[in-house]
Structures are given as structure tokens and as C-alpha cells.
Amino acid sequence: MKILVAPVTLSVALLVLSVAVCAQQPSRPETTPSVTLFQNVRVFDGKNLTLIGPTNVLVRGNTIERISNVPIPADRSGNTQIINGGGRTLMPGLIDAHWHAMLVRPPVASLLTADTGYLNLLAGAEATATLLRGFTTVRDVGGPTFGLKQAIDEGVLAGPRIFPSGAIITITGGHGDFRPFTDLPRILGGPLTRQETTGASMVADSPDEVRVRVREQLMQGASQIKLTAGGGVASPHSPLDAPTFTELELRAAVAAAENWGTYVTVHAYTPAAIKRAIAAGVKCIEHGQLMDESTAKLMAERGTWLSIQPFPDELADAFPRGSEQWQKAQEVFAGTNTAYGLAKKYKLKTAWGTDILFSPGLASKQGALLAKLTKWYTPAEALVMATRSNAQLLAMSGKRSPYPGKLGVVEEGALADLLLVDGNPIADIKLVADPAKNFLIIMKDGKIYKNTLPR
Ligand SMILES: [Zn+2]
């Protein structure tokens, strides 16, 4: 029996391997010239609300070296790749400021039980798909992404730049605590549970525990730290109205992160959770859908970032209709319009990210979710938010940024993360909803990962 099983297993393994290799081919960098010259493009630079051009853009190595409306001489003898843009739009690669690279594809049950090798491979495939949707950078706000990031940065597989937070830090019963009751009571100093050993989330119930968990993430290369300061929708045990960490616990996290030159961002919907976090020195609020006028005022005074999104209805449908989680989702969704109104009224520093969890179907709509911002913003404003504004939030990581250099803009000296769009996304933002068709070139760090420009 063993003799029969082994070759079958081996051939299945080889088949899987060859499929994986084939699937990788289109997304590998093409022969990588050190110089790329984009001729005759109009530029959306991530800053201005209009297109510039026609112009020419020269990329050398991983940097935008020159932008000029007079022809840039190209060294045709060398390895310069010349791209005639034909008047199409060159824009910065998109940035998703609220992403969970490890949690996008697997269903939640599988996340808690599946083999970690399998989960890493799923996340790798998703990372390649993410880049091919034109998202050249993600700010990962929770999940064990350090290995994935390393593999991408080393060129093992194609994927976006990742600003990792590492494990989500939560209290017992807080948002991100997915432990079953059979894991209770926790023995302080006792063995870790599954969610903790995978690095998905860490439970901390005192300033001392918080400090340890924060420092562990920083040690592994976290570019910012993520805590859950209030209840959440997807978590089985956390009521929406409950602020979770005490101010002292939040302060411990902030002090540890600031010692390391970076900042803490927190998941928080309610005024109570947001205000407590700000009092503790937190610099960014994820979500904020249930904020009120006085909270928005406080955020404006303190210069606190709001990283928010209009959640798609499908997110609630991941839970049985009428269930507690489904109801929590409705409560949060109902606040979205008010929160965006307040963000605009008080001119809050506003970032955008999708927060897609457990759904490859929704992930494929990442660009379409960006287009939904036009309920509150012009297409140009929405695109500025998903490029330069998001990059300004990323820059809060300071020296802990894994990618020194400027992101989110097309300007001389910035990192060369660029999309060539077949059309004008400012006139028609729906172009970003169909990246397979409309993003003809996708460049990250000066390397072209996709080129379907007609030759
Ligand atoms: Zn999230």
C-alpha cells in the first residue's frame, strides 16, 4: 500500500509545484532594465487634482529621476526600456492603508485550524494578485506578515510593499481575541494559544504585558503597532460599545512604539474608545464610523489620522443574517456617512483602506471599493487619498519604514511605483475597478511586473 501511495503523493506534489510555477510566470519581473523612459504620458502626480502633460518620465533603478515636458534623450545602446505611453495616464501605484495580507483569503475557521504553510501560500498568491490590481503598497494592520514581506522583498514572489504591524494586540475578550471558551481561563505566563503562536493576535491584560507584546512586534520589524481599543464586528466576544484597553495600557504601547521612533494605531469605532486612545497618545484611528462631533473636533485639534472606509454590504453577509455579528455590522455601516461628513467638516487627515477579511471575492473588488469614495469625494480627491495621503500616513513610521524614500507621488526623487492607465482615471474612476483591463503597466520599485501595452 505504501509503495502505491508514495508515487501518487509525489506526482500530486509535482503537479501542484508545476501549477504554482506556471501561475507565477506572468507576474515575475520582465527582463529588468535599470532604466525606463515613459514618453508621451499625462501624469496624475498624487498631489494635483488635474493631469499634467503631455510629459516624459525617466526611471533609473528604483527612483523617478526626471520628469520633463521636453523629450528626454534615451541611451538606446544600453538597457533603457522605452515606453510610448500614447497619451495615457501615468499615476502612482495605489496604497491600501488598512490591509491584512494574511487574513484576506482564508475563511476564519480555516485561519484558526489550517496548516500554517498552507495559509502562507494562500497569502503569497493573494499578495501577487494584490500587486496585479495596482496596489503597490499595503499598510498591514494585523497578522503574521513578516515572512511574507521578507519573501516579497527578496524577490521570491511578486507582491506589494508591506508596512507590517505584526500581531494585533488585544485584551481578553477584545476585538481580535478569537479564542474558544475552552482556552479559558488563561494561566498568566502559561502556554500560548493557536492565535498567538501563529502571530495573528496577542492577548495582553496589563501595561507590562502590552509592553512585552509591542516590543516583540518591533523586534520582528513592525513599522507601526496595532491595538484594538474597542469592540469589533467580526470578533465573537467583544461588544461594540466597550472601550477595551485602559488608558494606562494604551500609554504603555505608545511609549514603547515612540521609543522605537514609530506610532500606535488603534481599531476604534466609538467616541469613548477614540477619545481614550487619543488621551494616551495614539496617532491614528482605524475606522471611527461611530464618532461624533466632539470626537472629530478633538481629532482635528490633535492632528490624529482617521483611517476609514465605506464597508461593502457583502462584509456583513459573511455572517448569518440577524446574527449578533451581522447586527454589529449594520450598526457600524450606519455611521459611515456621518463619519465622512465629520472628516470633511473638520478637515481631518484622512486615509483610506479596505479592511477586507476572509474573502477572495471581495479582494478582487479592491479597486471598486476605492471608487466608492466618490459618494463623498471627487475622483481626483479619492485618488489623492489612495496615493499621497496614504503615503503621508505611512511616513509616520519614520526610520522604521521598511522602504526609505517617498511613496504615493510621481515626482523627481520619489520611489518608482507607477501605473500606466488606459484612460483618464480622474474623468472615470471606474477604470481602477477593472485593473486587469485598464492598468496596462504595473511598476514597483522600478521593476515592471505587468506590461500589456499593445506593441
Ligand atoms: Zn482590520
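Start by selecting His98: this residue is buried, at a relative accessible area of 1%. Buried here means under 20% relative accessible area, exposed means over 50%, and partly exposed is anything in between, with a 1.4 Å probe and protein chains only.

Now show the zinc ion. Its protein donors are His98 (NE2), His100 (NE2) and Asp355 (OD), sitting 2.1 to 2.3 Å from the metal. Donors are N, O and S atoms within 2.8 Å of the metal (3.2 Å for Na, K and Ca), and water is not among the atoms, so sites may look incomplete. Along the sequence, the spacing of the donor residues reads H-x1-H-x254-D.

A word on what you are looking at: this is a predicted model, in which local features need pLDDT of at least 70 and side-chain atom pairs count only at pLDDT 80 or more, while totals for chains, interfaces and linings use all residues. Numbering runs from 1 along each chain as its sequence is written, and side-chain values use heavy atoms, leaving out hydrogens and water.

Next stop: helix H12, residues 336–345. Helices (H or I, at least four residues) and strands (E, at least two) are DSSP runs, numbered from the N terminus. Pick out Thr336, Ala339, Tyr340, Leu342 and Ala343, the buried residues of H12. Look down the axis of H12: these buried residues fall within an arc of 160°, so they line one face of the helix. That arc is taken from the directions from the helix axis to the C-beta atoms.

What do the buried residues of H12 pack against? Select helix H9 (293–302), strand E14 (305–308), helix H11 (324–333) and strand E15 (350–352) to see these partners.

Colour by pLDDT, the predictor's confidence in each residue, from 0 to 100. The protein chain has a mean of 91, and 92% of its residues reach 70 or more. Residues 1–26 stay under 50, with four contacts (heavy atoms within 4.5 Å) beyond four places in sequence. Where pLDDT is low, the predicted coordinates should not be read in detail.

Finally, zoom out. The protein chain holds 16 helices and 18 strands, and its C-alpha trace spans about 70 × 70 × 45 Å along the principal axes. Buried residues account for 55% of the 455 residues. Among contacts between residues at least 6 apart in sequence, 69% join residues at least 24 apart.
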